[in-house]
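Please look over the sequence and the model before reading on.

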Amino acid sequence: MTATPVDPNVRNFRTLFISDVHLGSKAAKADFLIDFLRHHEAETIVLVGDIVDGWRLKRNWYWPQAFNDVTQKLLRKARKGTRIIYIPGNHDEFLRDFPGTHFGGVEVAERIIHEAADGKRYLVLHGDEFDVVVRHARVVAYLGDWAYDAAIAINVFFAAIRRKLGLPYWSFSAWAKQQVKSAVNFIGEFQRVVVEEARRNNADGVICGHIHHAVITEIDGIRYINSGDWVESCTAIAEHHDGKMELITWQKVAAVPAEVLPVSRQMLAIDTRKPAEAEAA
């Protein structure tokens, strides 16, 4: 029997962690994600919340063919044997009523403990339960969501100009968050609280989403990993077969065939600084 040839354009991993796709939002980069899924395979894919944006769909229904293509691509992977676990976030919280349920081969779970190939245990959850605004002031959270929409609209404007000038994509909203001290402080506090939750669960690390800030770092002896998003940064976390974690940034270039699309890959060294120290650097 002839062995099936290995596609050199496809990378294979033990686990992929993807979050904050926000299907239902005009800002969702579904075409980037489809291309990413075409070039990456894994034994397990964990969807770490806010894959579907129920908040926006309630305000204004928006569901182009590209969003169907993302869901069909994931379901096709499930049919071919990939284990897919869906951990709902605050934007797709309607799925939190169905823990343990299987939809088309996709498992729904509130949170999981993921044991990596190197034996390290990771608490995996979306993270919105540690966002005080989301938990205790839903109206304020919705207002913040609208403000974020405005920032994304500015992104579109800047992206169009930069394309005409031949410059690479640049995210205004991501830059703005890093310039606002309160946002930087929020990110640091969120990281510390989530790390403490991992410690309470006797985990070696935590993998989450929610704040659209992709990073692999270490905080007080706990590995903190955030998978980022597919609205601004187009990032995912990949676990290699030896347990090593990699942050992948996927950058699609228009008008280039899918087979030769470039990818920016970054194997991050662990930043052992505390968030406050990193901010001051």
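How many disulfides does a search of the whole structure find? The search finds zero disulfides, a disulfide being a pair of cysteine sulfur atoms within 2.5 Å. The model is predicted: local features need pLDDT of at least 70 and side-chain atom pairs count only at pLDDT 80 or more, while totals for chains, interfaces and linings use all residues. Residues are numbered from 1 along each chain as its sequence is written, and side-chain values use heavy atoms, with hydrogens and water left out.

**Cysteines**

- A disulfide is a covalent bond between the sulfur atoms of two cysteines.
- Cys208 has a relative accessible area of 0% and is buried; buried means under 20% relative accessible area, exposed over 50%, and partly exposed in between, with a 1.4 Å probe and protein chains only.
- Cys234 is also buried, at 2% relative accessibility.

**Helix α3**

- Helix α3 has 15 residues, 65-79; helices (H or I, at least four residues) and strands (E, at least two) are DSSP runs, numbered from the N terminus.
- Buried in α3 are Phe67, Val70, Lys73, Leu74, Lys77 and Ala78.
- Those buried residues fall within an arc of 140 degrees seen down the axis of α3, so they line one face of the helix; the arc is that of the directions from the helix axis to the C-beta atoms.
- An α-helix has 3.6 residues a turn, so residues three or four places apart point the same way.
- Gln65 and Arg79 are exposed on the other side of α3.
- The cover over the buried residues of α3 includes α1 (30-39), β2 (40-47) and β3 (83-86); contact means heavy atoms within 4.5 Å.
- Gly81 follows α3 and has a positive phi, near 115 degrees.

**Glu107 in β5**

- Glu107 lies in strand β5, residues 106-108, and counts as buried at 19% relative accessibility.
- Leaving aside residues up to four places away in sequence, Glu107 touches Arg83, Ile84, Ile85, Tyr86, Thr101 and His102.

**Arg121 in β7**

- Arg121 is in strand β7, residues 121-124, and is partly exposed, with a relative accessible area of 28%.
- Arg121 and Asn202 are 81 residues apart in sequence, and their C-alpha atoms are 8.2 Å apart in space.
- Not counting residues up to four places away in sequence, Arg121 touches several residues, including Ile113, His114, Asn202 and Asp204.

Key. Expected span 1.5 Å × (residues − 1).
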